[in-house]
Amino acid sequence: MEYPWWNEAVADPKKGMPKTIKYLEDNFEGEEYEKKLKQIKLGIKAGRDELLKITKRYLMKAPMVLLVLCNRRRGPAFLRAVLSILQHEYPVEGVQLFNETEEDWGNYIYADKTEQPDDEKIWYDLLTKDAETTDDLIHFWRHSA
């Protein structure tokens, strides 16, 4: 999977984070410099690896998302389930994803999970049940494309 900025930053932090590396060079030397540089490299790699993990886990490879979202019957429920997962399972303080209720897309933020429509709940459960179920779902969509 390609993440050009992340891959470049992991390979060469000076290219990916020039201001950070300049600050490091200007303010540290010797063992302290090497320690801080190692921490930065580990942080960049961990960030990229987490992005890869999240991307794979939630089917965010572009062809998969496009395949499901272009399906008139399943697309809206799938997108609402993904947005609901992001909102409820991985909340970011002070950030709320859009919550449009126009046309067929509908709500995805629920005070009570029992309010989820059945078609959305199916996707939500498939995407959050466990890694094996999610892997089976990915396998299904790859072979039905």
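Trainee: Which side chains does lysine 22 meet in a salt bridge?
Mentor: Lysine 22 meets aspartate 26, at 2.9 Å from N to O. A salt bridge here is a side-chain nitrogen of Lys or Arg within 4 Å of a carboxyl oxygen of Asp or Glu. This is a predicted model, where local features need pLDDT of at least 70, side-chain atom pairs count only at pLDDT 80 or more, and totals for chains, interfaces and linings use all residues. Residues are numbered from 1 along each chain as its sequence is written, and side-chain values use heavy atoms, with hydrogens and water left out.

Trainee: How far apart are lysine 22 and aspartate 26 in helix H3?
Mentor: Four residues, in H3 (residues 18–27), so about one helical turn separates them. Helices are DSSP runs of H or I, at least four residues, numbered from the N terminus.

Trainee: Is lysine 22 buried, partly exposed or exposed?
Mentor: Partly exposed, at 48% relative accessibility. Buried means under 20% relative accessible area, exposed over 50%, partly exposed in between, with a 1.4 Å probe and protein chains only.

Trainee: How many salt bridges does a search of the whole structure find?
Mentor: Seven.

Trainee: What does arginine 80 pair with?
Mentor: Aspartate 119, with the closest N and O atoms 3.3 Å apart. That pair links distant parts of the chain, aspartate 119 in H7 and arginine 80 in H6, 39 residues apart. Arginine 80 also meets glutamate 120, at 2.9 Å from N to O. Glutamate 120 sits in H7, 40 residues from arginine 80 in H6.

Trainee: And which are buried?
Mentor: Glutamate 120 and arginine 80 are both buried. Arginine 80 has 7% relative accessibility. Aspartate 119 is partly exposed, at 37%.

Trainee: New topic. How do the axes of H6 and H7 cross?
Mentor: H6 (residues 75–89) and H7 (residues 118–128) have axes that come within 8 Å and cross at roughly 55°. Axes are lines fitted to C-alpha atoms over the stretch in contact, and angles run from 0 to 180 degrees between N-to-C directions. H6 and H7 are therefore oblique to each other. Angles under 35 degrees count as roughly parallel, over 145 as roughly antiparallel, 65 to 115 as roughly perpendicular and the rest as oblique.

Trainee: Who makes the contact?
Mentor: Contact means heavy atoms within 4.5 Å. From H6, the residues include Ala77, Phe78, Arg80 and Ile85. From H7, they include Asp119, Glu120, Trp123 and Leu127.

Terms used. Helices (H or I, at least four residues) and strands (E, at least two) are DSSP runs, numbered from the N terminus.
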